[in-house]
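Biologist: Before I rely on the labels attached to this model, could we go through them one at a time and set each against its definition?

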Amino acid sequence: MKFTLMLCLGFTLLSHASYPQENRIHDLAFLVGNWEVQEDNKENGWWEKSERTIQYALDSTYLQLDAKAISSSGKERVYRWYIHYNSKEEQFEMVSIFSNWHKIQLDILSWEAQTRTLTIQNKANSEEFHERLGQLVFNKDFSTYVWTGENKYGDPKDPSIWKYVEKGTRKEE
């Protein structure tokens with residue numbers, strides 16, 4: 001009886017330990033689907049249009065975003081993002097990989113359900129100065145969002161700043 005109780009307790013603890021991992025990524029289920037996106041940098045007269053597909057990956061413990069984009073200058077690129085809930089750090093993390101950029105980008109995501117705001121901020125990187133901060137604000141039915149943000153590069157005392165506004169619309173299937 002004692003062994004059976006301990007075994008049941010062990011399975012219960014084990015199942016609860018792994019449950020938040022799977023459960024928390026589902027907090028961002030509204031991202032799943034196909035999106036049409038346009039990013040604008042009005043200061044530079046530049047835009048980029050993307051088609052993004054977001055789906056669950058790796059036993060539904062990650063969200064995988066695949067995108068194809070074309071910019072106002074005619075350049076094409078593809079990129080992929082993986083979003084994951086790190087239960088040890090108790091935070092969402094995103095890895096971004098780009099066909100046109102040499103770096104892999106790491107970001108921390110914070111979700112505020114009351115305001116439907118997803119904040120993205122990069123992890124500190126000692127190699128080269130780069131700060132990224134942006135907020136996606138979703139409408140009530142999660143069919144559109146507006147992402148305002150900026151990236152800072154170069155000299156930390158006098159960085160180049162890339163300000164953008166991105167608008168996304170869920171595609172009807």
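Biologist: What makes the approach of the side chains of Asp 141 and Asn 139 a polar contact?

Modeller: A polar contact is a pair of N or O atoms within 3.5 Å, where within protein one must be able to donate a hydrogen and the other to accept it, and residues adjacent in sequence count only if both atoms are side-chain atoms. The side chains of Asp 141 and Asn 139 make such a contact at 2.9 Å, and the side chain of Asp 141 makes another with the side chain of Ser 143, at 2.6 Å. This is a predicted model, in which local features need pLDDT of at least 70 and side-chain atom pairs count only at pLDDT 80 or more, whereas totals for chains, interfaces and linings use all residues. Residues are numbered from 1 along each chain as its sequence is written, and side-chain values use heavy atoms, with hydrogens and water left out.

Biologist: Where does Asp 141 lie, and why is Asp 141 called exposed?

Modeller: Asp 141 sits in the loop between strand 8 (130-138) and strand 9 (144-153), where strands (E, at least two residues) are DSSP runs numbered from the N terminus. Buried means under 20% relative accessible area, exposed over 50%, and partly exposed in between, with a 1.4 Å probe and protein chains only; Asp 141 has 55%, and is therefore exposed.

Biologist: What makes Arg 52 and Glu 166 a salt bridge?

Modeller: The term requires a side-chain nitrogen of Lys or Arg within 4 Å of a carboxyl oxygen of Asp or Glu, and the closest N and O atoms of Arg 52 and Glu 166 are 3.0 Å apart. Because Arg 52 belongs to strand 2 (residues 46-57) and Glu 166 to strand 10 (residues 160-170), the pair ties together parts that are 114 residues apart in sequence. Both Arg 52 and Glu 166 are buried. By this rule the count comes to 7 salt bridges.

Biologist: How do you know that Asp 107 and Arg 132 are buried or exposed?

Modeller: Asp 107 has a relative accessibility of 1%, so it counts as buried, and Arg 132, at 8%, counts as buried too. Their side chains meet in a salt bridge, at 3.3 Å from N to O. This pair links distant parts of the chain, with Asp 107 in strand 6 (residues 105-112) and Arg 132 in strand 8, 25 residues apart.

Biologist: What is Leu 31 in contact with, leaving aside its neighbours within four places in sequence?

Modeller: Contact means heavy atoms within 4.5 Å, and with those neighbours set aside Leu 31 is in contact with Ile 54, Leu 63, Ile 83, Leu 118 and Phe 138.

Technical notes
Helices (H or I, at least four residues) and strands (E, at least two) are DSSP runs, numbered from the N terminus.
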